[in-house]
Amino acid sequence: MTRKPVSHPDVSRRRTLKLAATAVLSLSAVWGLGACDQISDMTRPKAGLKFNGVDITGATYAQKLRLKDFDGRMRDLSEFKGKVVFVFFGFTQCPDVCPTTMAELAELRRRLGPDGDKVQGVFVSVDPERDTPQVLKGYLTAMDPSFVGLTGSPDEIQAVAREFKVFYQKVETPSGGYTIDHTAGSYIFDPQGQVRLFARYGMPLDQLTADVRQLLNLPAVGASAAH
């Protein structure tokens with residue numbers, strides 16, 4: 001896939017890289033988290049598989065995600081065991097970072113052929129004011145009918161973002177509207193339901209696909225969980 005240049009007014013290329021590099025500092029200020037503990041989790045070397053993304057195997061955060069989808073059904077991370085799961089926080093009016101991320105995930109699924117059915121995209125809206133269930137459903141299913149969009153009250157979304165150490169912030173625009181600055185990366189879970197990787201925005205699709213293939217080759221969690 002040819003990547004379009006990023007001209008994102010809410011998360012420009014430079015600001016995206018800055019968010020990826022300084023997320024621990026922003027999160028400490030916003031959520032009151034221990035920066036030293038976060039840095040330790042994000043940078044500690046992990047034994048075993050060699051990934052292109054940031055290996056966060058063993059992280060104690062990003063454990064819980066329970067919100068309603070665009071059909072009003074309560075969804076939980078545990079129901080996706082047996083698949084490699086991508087969790088991305090964004091908003092539908094984002095002009096390029098969010099649609100580029102989800103479009104590339106759709107392309108990744110196509111590249112995997114039959115194994116693409118073992119990859120699940122989960123989009124958590126950080127803009128419940130504008131991302132109604134109808135808007136969220138239309139936005140995601142147009143890219144890939146398998147994608148799941150999650151939303152909730154501002155407090156519910158804030159709690160999930162805190163659990164995932166995700167930063168987001170409403171920014172007013174001169175026109176009187178607003179945009180949202182947010183962490184521009186994806187969390188990736190293995191088929192056993194364990195968080196394994198943080199994929200920064202802009203990671204080459206070939207590298208991302210290689211990481212997913214490694215995760216798909218991990219031992220299965222059992223026939224009852226594979227669906």
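Which elements make a right-handed β-α-β unit? In this predicted model, that unit is made by β4, α3 and β5. The strands belong to an open sheet of eight, ordered β1-β10-β9-β4-β5-β6-β2-β3, with mixed pairing.

**Sheet edges**

- The edge positions are held by β1 (54-55) and β3, each of which has a single partner strand, so one side of each is left without a neighbour in the sheet.
- The pairing of β1 with strand β10 (residues 195-200) is antiparallel and extends over two bridges. D55 has L197 as its bridge partner in β10.
- At β3 (residues 74-76), the pairing is with strand β2 (residues 66-69), in the antiparallel sense and over three bridges. Opposite L67 stands R75 of β3.
- β2 and β3 form a hairpin in which four residues lie between the strands. In the turn, G72 has a positive phi of about 85°.
- β2 is also joined to strand β6 (residues 148-151), by two bridges, and these strands run antiparallel. The bridge partner of D69 in β6 is L150.

- Strand β5 (residues 119-125) is largely enclosed by the rest of the structure, because seven of its seven residues are buried.
- Residues V119, G121, F123 and S125 point one way from β5, whereas Q120, V122 and V124 point the other way; all are buried.
- Strand β4 (residues 84-90) runs parallel to β5 and is joined to it by seven bridges. V84 has V119 of β5 as its bridge partner.
- β5 also runs parallel to β6, with three bridges joining the two strands. V122 stands opposite V148 in β6.
- From β5 the chain crosses through helix α4 (residues 133-141) to β6, and this β-α-β crossover is right-handed.

**Helix α3**

- Helix α3 (residues 97-111) has 15 residues and reaches 21 Å from its first C-alpha to its last, close to the 21 Å expected at 1.5 Å a residue.
- The helix is mostly covered, with twelve of its 15 residues buried.
- An α-helix has 3.6 residues a turn, so residues three or four places apart point the same way.
- Just after α3, G113 adopts a positive phi of about 65°.

**Packing of α3 and α6**

- α3 packs with α6 at an angle of about 55°, and their axes are 10 Å apart. That angle makes α3 oblique to α6.
- The crossing in which α3 passes α6 is right-handed.
- Helix α6 spans residues 205-216 and contains A210. A210 is partly exposed, because its relative accessible area of 33% falls between the 20% limit for buried and the 50% limit for exposed residues.
- A210 and F51 are 159 residues apart in sequence, and their C-alpha atoms are 8.1 Å apart in space.

Methods: Residues numbered from 1 in each chain as written. Predicted model: local features only at pLDDT ≥ 70, side-chain atom pairs only at ≥ 80, totals over all residues. Heavy atoms only, no water. Expected span 1.5 Å × (residues − 1). Buried < 20%, exposed > 50% of the residue type's maximum accessible area, 1.4 Å probe, protein only. Pairing = 2+ DSSP bridges. Right-handed = clockwise from strand over helix to strand, strands pointing away. Axes fitted to C-alpha atoms, helices over the stretch in contact; angles between N-to-C directions. Parallel < 35°, antiparallel > 145°, perpendicular 65-115°, else oblique. Left-handed = near helix turned anticlockwise from the far one by under 90°.
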